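Subject: Structure handover

Hello,

Here is the structure we talked about. Please keep it open while you read the notes below.

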Number of protein chains: 2
Amino acid sequence: MRRATEVFERQGVNRTSIEDIANAVGIKREAIYYYFKSRADILLKIILPQSTSLVMGLGAIINSNLPAEQKLEAAIRNHLDRFNPNYLEMTVALREDHFLEDESKAAELRGVWNEYTHLWTRLIEEGQEHGIFKPGLDARMVANGILGMCNWMSRWYDPGKSIPIDKILEIFFTMVAHGIVDPAAAASRPAAPKKPARARKAAPKD
Amino acid sequence: MRRATEVFERQGVNRTSIEDIANAVGIKREAIYYYFKSRADILLKIILPQSTSLVMGLGAIINSNLPAEQKLEAAIRNHLDRFNPNYLEMTVALREDHFLEDESKAAELRGVWNEYTHLWTRLIEEGQEHGIFKPGLDARMVANGILGMCNWMSRWYDPGKSIPIDKILEIFFTMVAHGIVDPAAAASRPAAPKKPARARKAAPKD
């Protein structure tokens with residue numbers, strides 16, 4: 001499984017054959033088919049346990065007694081931890097979109113992800129109900145925003161080169177919880193106009 | 001180009017053949033090759049002008065005289081506007097990662113995207129230098145977070161069903177600029193402990 005994950009990660013799922021995986025393990029192609037029906041089958045067996053554990057981690061946070069703001073931080077941490085080098089799986093899962101030719105398998109994975117988004121939305125709603133998070137922000141959209149922020153790491157995060165995950169967590173949490181505008185600066189300047197100025201869009205060159 | 005975009009969007013780039021595109025246009029496969037060298041060539045011609053215009057739009061915002069906070073809002077708007085139905089191109093571009101078999105073309109596109117991230121980083125840095133944005137947040141990481149938030153829309157945004165882009169813009173801007181925690185609530189409760197409690201992670205079931 002680890003070898004398969006590495007090959008998927010390196011070559012992309014669409015360019016990886018069962019043969020490639022067999023070569024990486026050092027066994028014959030036929031031996032793989034003894035355990036797995038297809039490439040998609042291998043991929044799902046890599047991704048599903050990781051996704052399920054991500055959802056369970058978030059569930060535990062929501063059911064904890066932490067105040068909303070700390071739940072938010074714990075939930076972002078629960079997600080970002082998947083990007084540590086032991087969880088290559090997440091990287092593969094998030095980069096590849098159209099990998100599952102088998103619709104029933106795709107549906108299974110989609111179900112887990114829907115549950116995850118649903119839990120995130122609940123976390124935001126609960127914080128709003130408790131008066132900790134601002135009311136009036138659509139909780140589902142806030143959840144989508146946070147998920148995007150975290151998931152996009154699969155495009156730029158490099159365990160060897162990027163700043164440590166704890167540092168990224170701190171930045172993302174600060175952004176989402178309190179924003180990047182300095183409250184001191186905000187207090188000292190005049191209120192922003194209701195309708196923000198819209199910069200002229202440059203025409204496409206082509 | 002529009003027909004090609006629609007087919008790419010519907011079937012995914014990897015499952016789209018030149019034949020499919022020819023059928024959608026109602027011409028012969030050979031006629032396509034008169035204008036384009038390959039599938040990747042068509043895709044690049046769809047994406048590149050859009051990406052370039054996105055970068056130019058951001059450049060114009062940075063060079064404007066708007067205060068930092070309004071630049072931030074305008075820059076998020078510049079990005080989210082690409083998700084309106086006339087810009088299917090962005091959806092295709094962001095969903096497909098490994099589409100360009102041709103390395104020189106992939107490099108060309110990567111160059112545009114690197115420039116875009118670079119400009120976003122500058123926007124954040126300038127706001128910090130002017131004392132509007134909080135100092136000490138790594139500007140590049142903030143940029144990555146915002147880009148993730150916006151780009152992830154390609155996974156969930158549906159022009160027919162999702163809430164209007166203007167509403168999404170408002171939520172994302174509020175999140176990034178001022179955060180979701182209600183300042184009134186934050187002021188009335190005791191200060192959060194320095195080291196946030198860490199929720200126990202549930203063990204994977206598999």
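Which residues of chain A does the UniProt annotation "domain: HTH tetR-type" cover? According to that unreviewed entry, the annotation covers residues 1-54 of chain A. UniProt positions are given in the numbering used here, feature names are shortened, and annotations may be inferred rather than shown by experiment.

Before the rest, some housekeeping. This is a predicted model, in which local features need pLDDT of at least 70 and side-chain atom pairs count only at pLDDT 80 or more, while totals for chains, interfaces and linings use all residues. Residues are numbered from 1 along each chain as its sequence is written, chains are lettered from A and ligands numbered from 1 in the order in which they are written, and side-chain values use heavy atoms, with hydrogens and water left out.

Over residues 1-54 of chain A, the chain is 76% helix and 0% strand. Helices (H or I, at least four residues) and strands (E, at least two) are DSSP runs, numbered from the N terminus.

Salt bridges

A salt bridge here is a side-chain nitrogen of Lys or Arg within 4 Å of a carboxyl oxygen of Asp or Glu. By this rule there are 16 salt bridges over all chains. For accessibility, buried means under 20% relative accessible area, exposed over 50%, and partly exposed in between (1.4 Å probe, protein chains only).

- Arg3(A) pairs with Glu6(A), with the closest N and O atoms 3.3 Å apart. The two are 3 residues apart in helix H1 (residues 2-11) of chain A, so about one helical turn separates them. Arg3(A) is partly exposed at 40%, and Glu6(A) is partly exposed at 28%.
- Asp41(B) pairs with Lys45(B), at 3.1 Å between the closest N and O atoms. They sit 4 residues apart in helix H4 (residues 39-62) of chain B, about one helical turn. Asp41(B) is buried at 6%, whereas Lys45(B) is partly exposed at 41%.
- Lys167(B) and Glu170(B) form a salt bridge of 3.8 Å, N to O. Both lie in helix H10 (residues 165-178) of chain B, 3 residues apart, about one turn of the helix. Lys167(B) has 38% relative accessibility and is partly exposed; Glu170(B), at 45%, is also partly exposed.

Helix H10 of chain B

Why is H10(B) described as largely enclosed by the rest of the structure? The reason is that 10 of its 14 residues are buried. Among them are Ile165(B), Ile168(B), Leu169(B), Phe172(B) and Phe173(B). The buried residues of H10(B) pack against H8 (139-151) and H10 of chain A, and against H5 (68-80), H8 (139-151) and H9 (153-156) of chain B.

After H10(B) comes Gly179(B), with a positive phi near 80°.

His178 of chain A

His178(A) is in helix H10 (residues 165-178) of chain A and is partly exposed, at 31% relative accessibility. Contact means heavy atoms within 4.5 Å. Not counting residues up to four places away in sequence, His178(A) touches Glu69(A) and Phe173(A), and also Lys134(B), Ala177(B), His178(B), Gly179(B) and Val181(B).

Regards
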